[in-house]
Amino acid sequence: YSNDSNVAPKLFVPKFEDYQKVYNEIAGRLEEKEDYDDGSYGPVLVRLAWHASGTYDKETGTGGSNGATMRFSPESDHGANAGLKAARDFLEPVKAKFPWITYSDLWILAGVCAIQEMMGPTIPYRAGRQDRDVAACTPDGRLPDAAQAQDHLRNIFYRMGFNDQEIVALCGAHALGRCHTDRSGYSGPWTFSPTVLTNDYYKLLLEEKWQWKKWNGPKQYEDKKTQTLMMLPADMAIIQDKKFKEWVKVYAADNDKFFQDFSAVVKKLFELGVPFKEGTETWTFKPVNA
Ligand code: ZEM
């Protein structure tokens, strides 16, 4: 037989260059869609990647970034995930242009891209996540509750396999983005530059005077000086706890140290529950606009 119909179809095996193309497409859309929120979809993309990953339970091996089960109800309807449809919808045209990438790899790549394009550190990336169906949705309550304090943070993040230093390093992501009354009920940004990653979150925690905001919304703090910045009760817990506070001081004093530790802990977060094939390469993507 030599007719074409008997030739096996060539399997497309995406390489680093192909993922860099997806990265570039996301970075291009970030530039293009500047009319959203504080001028960037970056923060909400980081929150999507975090909520996809932070459902991990090390005891049962369930949850984590392998699956993208937030595409489905009930997980998409969990209170903690309110507003993340904006991030998922932002990525749909990217998925349509590169249909070979799984949603789970795409959402995490978008988190990596957003952090790097917002002037953050390089986040090493491995591909190989597989999408799973609705049966793999995690139960509600696996993500942290902003109204709670250090005991709750330890319960939630120890379940994922993080230690105290890693918890504090992860919280530095709150240099980015803001709270929305129509999503979490809370209001306002943590820093004056919510689309650029810096260690300002730690500096502000230590240096500003924080008071309860007087309003009808959920209990949150505002800075006394400008009353434009916010902290959640869960944010304030990391300076109320002695062991956490030591790390807040380290990161407030040293942005390079923060970037180093943040890169390592975000890579760990984004790989929770992913059974990578042996020999999977680790890649770093070239920033486009940063
Ligand atoms: Zn967040 N986060 N987060 N977070 N988060 C919000 C927004 C963002 C907590 C939390 O309750 C909230 C981590 C940890 C924790 C981001 C990244 C990361 C909001 C506001 C709340 C209420 C949502 C809204 O109204 O839109 C709590 C209690 C945490 C425990 C410590 C970790 C870890 C993160 C990444 C590594 C980001 C980027 C945002 C901003 C989203 C946006 O749309 O601007």
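Guide: Let's go for helix H5, which is largely enclosed by the rest of the structure, because 8 of its 11 residues are buried. Buried here means under 20% relative accessible area, while exposed is over 50% and partly exposed is in between (1.4 Å probe, protein chains only). As for the name, helices (H or I, at least four residues) and strands (E, at least two) are DSSP runs, numbered from the N terminus.

Some ground rules before we go on. This is a predicted model, where local features need pLDDT of at least 70 and side-chain atom pairs count only at pLDDT 80 or more, though totals for chains, interfaces and linings use all residues. Residues are numbered from 1 along each chain as its sequence is written, and side-chain values use heavy atoms, leaving out hydrogens and water.

Now, who is tucked away in H5? The buried residues are Gln150, His152, Leu153, Arg154, Ile156, Phe157, Arg159 and Met160. Their cover includes H2, H6, helix H8 (233-240), helix H9 (242-253) and H10, with contact meaning heavy atoms within 4.5 Å. Just past the end of H5, Gly161 has a positive phi of about 105 degrees.

Arg142 sits in the loop between H4 and H5, and at 14% relative accessibility it counts as buried. Not counting residues up to four places away in sequence, Arg142 touches Ile156, Arg159 and Met160, and also Gly54, Thr55, Tyr56, Asp57, Thr60, Thr62 and Gly63.

A search of the whole structure turns up 23 aromatic pairs. Rings of Phe, Tyr and Trp (its six-membered ring) pair if their centres lie within 6.5 Å, with planes under 30 degrees apart called stacked, over 60 edge-to-face and the rest tilted. Phe16 and Phe285 have ring centres 5.5 Å apart and planes at 15 degrees, so they are stacked. That pair links distant parts of the chain, 269 residues apart: Phe16 is in helix H1 (residues 16-32), and Phe285 is in the segment after helix H10 (255-270). Phe16 is partly exposed at 27% relative accessibility, whereas Phe285 is buried at 2%.

Trp50 belongs to helix H2 (residues 42-53) and Phe157 to helix H5 (residues 150-160), so the pair ties together parts 107 residues apart in sequence. Both partners are buried: Trp50 has 18% relative accessibility and Phe157 has 6%.

Finally, a step back to the wider interior. In soluble globular proteins, nonpolar side chains tend to be buried together. A nonpolar core is a set of buried Ala, Val, Leu, Ile, Met, Phe, Trp, Tyr and Cys residues joined through side-chain atoms within 4.5 Å. The largest one here has 87 residues, and Ile26 and Leu91 have the most contacts inside it. Helix H4 (residues 103-117) gives this core its largest share, 10 residues. At least three residues come from each of domain 1 (16-142) and domain 2 (150-262), the domain bounds being from an automatic or database assignment.
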